[in-house]
Each structure stands twice: as C-alpha cells, then as structure tokens.
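Dear colleague,

Please find the structure below, handed over for your study. My notes on what was found in it follow directly after it.

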Amino acid sequence: MKQLVITIDGPAGAGKTTVSKILARRLGYKYVDTGALYRGVALEANSAGLSMDDDAGLDRLCKGIKLKFVNGKKGQLFFLNESDITDRIRSPEISMMASAVSARPVVRKFLLDVQRDMGKKGGAVFEGRDMGTVVFPNAHVKFFLDASIKTR
C-alpha cells in the first residue's frame with residue numbers, strides 16, 4: 001500500500017494535534033508536530049546565546065543541527081542531534097522564542113527542507129499552520145480544521 005503524506009492545517013486550538021495524533025496512530029504513520037521543529041531551533045538558538053533576529057547566526061546554527069522524531073515506549077520523542085529535547089521545548093520561554101524564529105526566512109527555509117525530507121517516503125501526518133499550502137502543496141490528503149472562538 002502506498003504511504004501517503006497527510007496534512008492537517010488550521011488555527012491554534014482547532015484540534016489539529018488531537019486529530020493528527022489519532023489519525024497517525026490508526027494508520028500506523030509517523031506524527032510530525034511541525035511546531036516542535038521551530039521550538040527545537042529556538043531552544044538551540046537560546047542555548048547558543050543567539051538573538052532571535054540574528055539571521056547569519058541562525059543560518060550557521062541551522063546548518064549544524066539535526067532534528068528528528070522517534071517513536072518510543074512512552075510515545076513520540078523529539079531529538080536535537082542526539083539529545084532528547086521532548087520536554088525542554090515546552091516551556092513558555094521557548095514558546096515565545098519559537099514564535100520569533102518562525103518569522104525568520106532563514107529558519108523557515110531550513111525547516112521547509114527538513115519537513116519535505118521527512119515526507120519523502122510518505123507514511124506521515126504533518127500538523128501545522130501551512131502544511132497543505134506551503135510545505136506540501138501536492139500532499140495526497142489535506143485537511144483544514146477550524147472551530148469557533150467559543151469552542152477553541
């Protein structure tokens with residue numbers, strides 16, 4: 001059976017993560033939390049003492065890191081190089097920094113390539129904000145989830 005690339009887009013709080021994880025589990029696919037990728041870059045930039053608007057520094061940093069998701073006994077783990085950073089990327093400080101680095105073209109280009117590389121073999125559900133439009137415009141299946149402000 002062909003391994004598909006499935007994208008799930010939508011605004012914050014619409015249920016993307018919940019639906020993506022359930023779908024990936026049911027299909028036996030890898031779940032890719034694209035927000036974690038930005039958080040990983042932010043964590044490494046913070047550790048390196050870089051300003052979130054230092055494009056030259058961010059470019060050098062991105063060229064020296066490897067980000068990957070690994071399924072483990074306790075669920076999916078997220079690695080930066082060889083270090084498990086699953087829990088470290090969820091602090092409010094890193095969340096704010098991730099928002100700042102996500103606006104930097106050099107980081108977006110780097111992570112675009114990372115995400116597309118992760119999708120080459122298919123068998124993955126990508127959750128994010130521009131997965132079906134920018135990252136995988138030719139995805140096999142695309143969903144856009146939305147919910148009213150009250151529901152969110």
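**Findings**

Thr-7 is located in strand S1, residues 5-9; helices (H or I, at least four residues) and strands (E, at least two) are DSSP runs, numbered from the N terminus. This is a predicted model, in which local features need pLDDT of at least 70 and side-chain atom pairs count only at pLDDT 80 or more, while totals for chains, interfaces and linings use all residues. Residues are numbered from 1 along each chain as its sequence is written, and side-chain values use heavy atoms, with hydrogens and water left out.

Is Thr-7 buried or exposed? Thr-7 counts as buried, because its relative accessibility is 0%. Here buried means under 20% relative accessible area, exposed means over 50%, and partly exposed lies in between (1.4 Å probe, protein chains only). Not counting residues up to four places away in sequence, Thr-7 touches several residues, among them Phe-126, Met-131, Phe-136 and Phe-143; contact means heavy atoms within 4.5 Å.

The sheet comes next. Three strands form an open sheet in the order S3-S4-S5, with antiparallel pairing. Strand S3 (67-72) and S5 stand at the edges with a single partner strand each, so one side of each is left without a neighbour in the sheet. Two strands pair if DSSP finds at least two bridges between them. In general, strands of a sheet pair through backbone hydrogen bonds, either parallel or antiparallel.

S3 is joined to strand S4 (residues 75-80) by 6 bridges, and these two strands form a hairpin with 2 residues between them. Within this pairing, Lys-68 stands opposite Phe-79 in S4. Phe-79 also stands opposite Asp-84 in S5. S4 and S5 are joined by 2 bridges and run antiparallel.

Which residue in the turn of the S4 and S5 hairpin has a positive phi? Asn-81 does, with a phi of about 55°, although Asn-81 is not a glycine. With a relative accessible area of 28%, Asn-81 is partly exposed.

Arg-90 is partly exposed, its relative accessible area being 44%. Leaving aside residues up to four places away in sequence, Arg-90 touches Asp-33, Ala-36 and Arg-39. The side chains of Arg-90 and Asp-33 make a polar contact (2.7 Å). A polar contact is a pair of N or O atoms within 3.5 Å; within protein, one must be able to donate a hydrogen and the other to accept it, and residues adjacent in sequence count only if both atoms are side-chain atoms. Arg-90 and Arg-39 are 51 residues apart in sequence, yet their C-alpha atoms are 7.8 Å apart in space.

Finally, which residues of H4 are buried? They are Ile-94, Met-97, Ala-98 and Val-101. These residues lie on the same side of H4, because they cover an arc of only 110° around the axis; the arc is that of the directions from the helix axis to the C-beta atoms. The buried residues of H4 pack against helix H2 (34-47), helix H3 (55-63) and helix H5 (105-119). The exposed residues Pro-92 and Met-96 are carried by the face of H4 turned away from its buried side.

Yours sincerely
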